[in-house]
Amino acid sequence: MAAISFKLIKQDGPARLGSLKTSHGTIDTPIFMPVGTQATVKAMTPDELLQVGAQIILGNTYHLYLRPGHELISRMGGLHSFMGWNGPILTDSGGFQVFSLGELRKITEEGVRFQSHLDGSYHMLTPERSIEVQEALGSDIMMCFDECPPSPADRNYVSRSLEMTTRWARRCRDARKRDDLALFGIVQGGIFEDLRARSAYELREISFDGYALGGVSVGEEKERMLDVMRFTAPYLPADAPRYVMGIGTPEDLVEGINAGYDMFDCVMPTRNARNGMLFTSFGRVNIKGAVYAEDSGPVDPECDCYVCRNFSRAYLRHLYRAGEILSSRLNTWHNLHFYLNLMAQARRAIGEGRFTDFRREFYAKRLNSGEGE
């Protein structure tokens, strides 16, 4: 039995409407995945995630490996049981986190030796170890262990990194023991189209259940990032899910869908919520601002989420300035609802053959508020 099955229902230009079936449920695509780094989407219960429209969440191999440990989670019945989430879970490989450690890590052909950010202990993360950890977690979709080059990086470095990423991808596939869990390959290649095409070709030769675009939004200019998304998509199989890793503004998501991608994740809606930054249909709202001190209106008049139906901007500003825990909870609720509702609107537009109009209307509201392209 295949770990997942993907059905492409309709295309409207490059934009794709699809259905991704996993053993823990079927996901409507395009979809945004809330990030649950440490077996929790911060400030939200699993039931609340369902209420805001979450269909799949993302867990972090690096963090769960260090604490509480994948063996413990396995003994507790796997990540779904451990965190009380019965829907699909995707786990990243840990690669991005260890490569972000700077001087605390050393890359070799075998893998990456690194120091824990928690206690300074030394660990070795290899392609085989990454798959072992993810299989112990029991995630529906596992990611290959790859090197994520920094930006800017010269072409020679990116090319060598790409070659190692391909070798690691093959090792990940060979290390895989559970055929009930899907495995996605990660396309690297920096800002260079020929290297991205080469990476996609080599991963397709190995064969994976889905394909992700990695190494974007890592310091390059926004237009370069969008260019990479656009020119890489045609090199990916049309009959497999396509995932852009770690891009996060609403504008990024709309452009990702417009380029032909199906899955997205980012910490932005949850992290920004805890910092008082809210996303709306007309742009961003910094709820800390004094201008909202006596504002009785909802965060977004066009939003029907629990927060906008029940609380004023003045109250949300008060909660934030008072340091109340409820501030993080309500702000996160709203932001995730906005992101997931944006995905639902995009799916509806693709299904009705009007995604171009949807995209134009999306930007028109932001231009009117001074937050356009």
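Predicted model: local features only at pLDDT ≥ 70, side-chain atom pairs only at ≥ 80, totals over all residues.
Local features are reported where pLDDT is at least 70 and side-chain atom pairs where it is 80 or more, whereas totals for chains, interfaces and linings use all residues. Residues are numbered from 1 along each chain as its sequence is written, and side-chain values use heavy atoms, with hydrogens and water left out.

The open sheet has eight strands in the order β4-β14-β13-β12-β11-β10-β6-β5, with parallel pairing; strands (E, at least two residues) and helices (H or I, at least four residues) are DSSP runs numbered from the N terminus, and two strands pair if DSSP finds at least two bridges between them. Because β4 (31-33) and β5 (57-60) stand at the edges with a single partner strand each, one side of each is left without a neighbour in the sheet. Neighbouring strands of this sheet are turned by 25° against each other on average, direction ignored, where axes are lines fitted to C-alpha atoms, for helices over the stretch in contact, and angles run from 0 to 180 degrees between N-to-C directions.

Helix α14 (residues 325-351) lies across β4 and β14 and runs at about 160° to β4.

Strand β7 (residues 105-107) pairs with β8 (residues 112-115) over three bridges, with V112 as the bridge partner of I107, and the two strands form a hairpin with four residues between them. The hairpin of β8 and β9 has six residues between the strands, and within it G120 takes a positive phi near 80°.

In helix α13 (residues 313-321), R313, A314, L316, R317 and L319 are buried, that is, under 20% relative accessible area, with exposed meaning over 50% and partly exposed in between (1.4 Å probe, protein chains only). Their cover includes β15 (277-280), α12 (306-310) and α14. Just after α13, G323 takes a positive phi of about 70°.

Helix α14 also holds H337, which is buried with a relative accessible area of 12%. Leaving aside neighbours within four places in sequence, H337 is in contact (heavy atoms within 4.5 Å) with V52, C303, D304 and C305. The side chains of H337 and D304 are joined by a polar contact of 3.3 Å, a term for a pair of N or O atoms within 3.5 Å of which, within protein, one must be able to donate a hydrogen and the other to accept it, residues adjacent in sequence counting only if both atoms are side-chain atoms.
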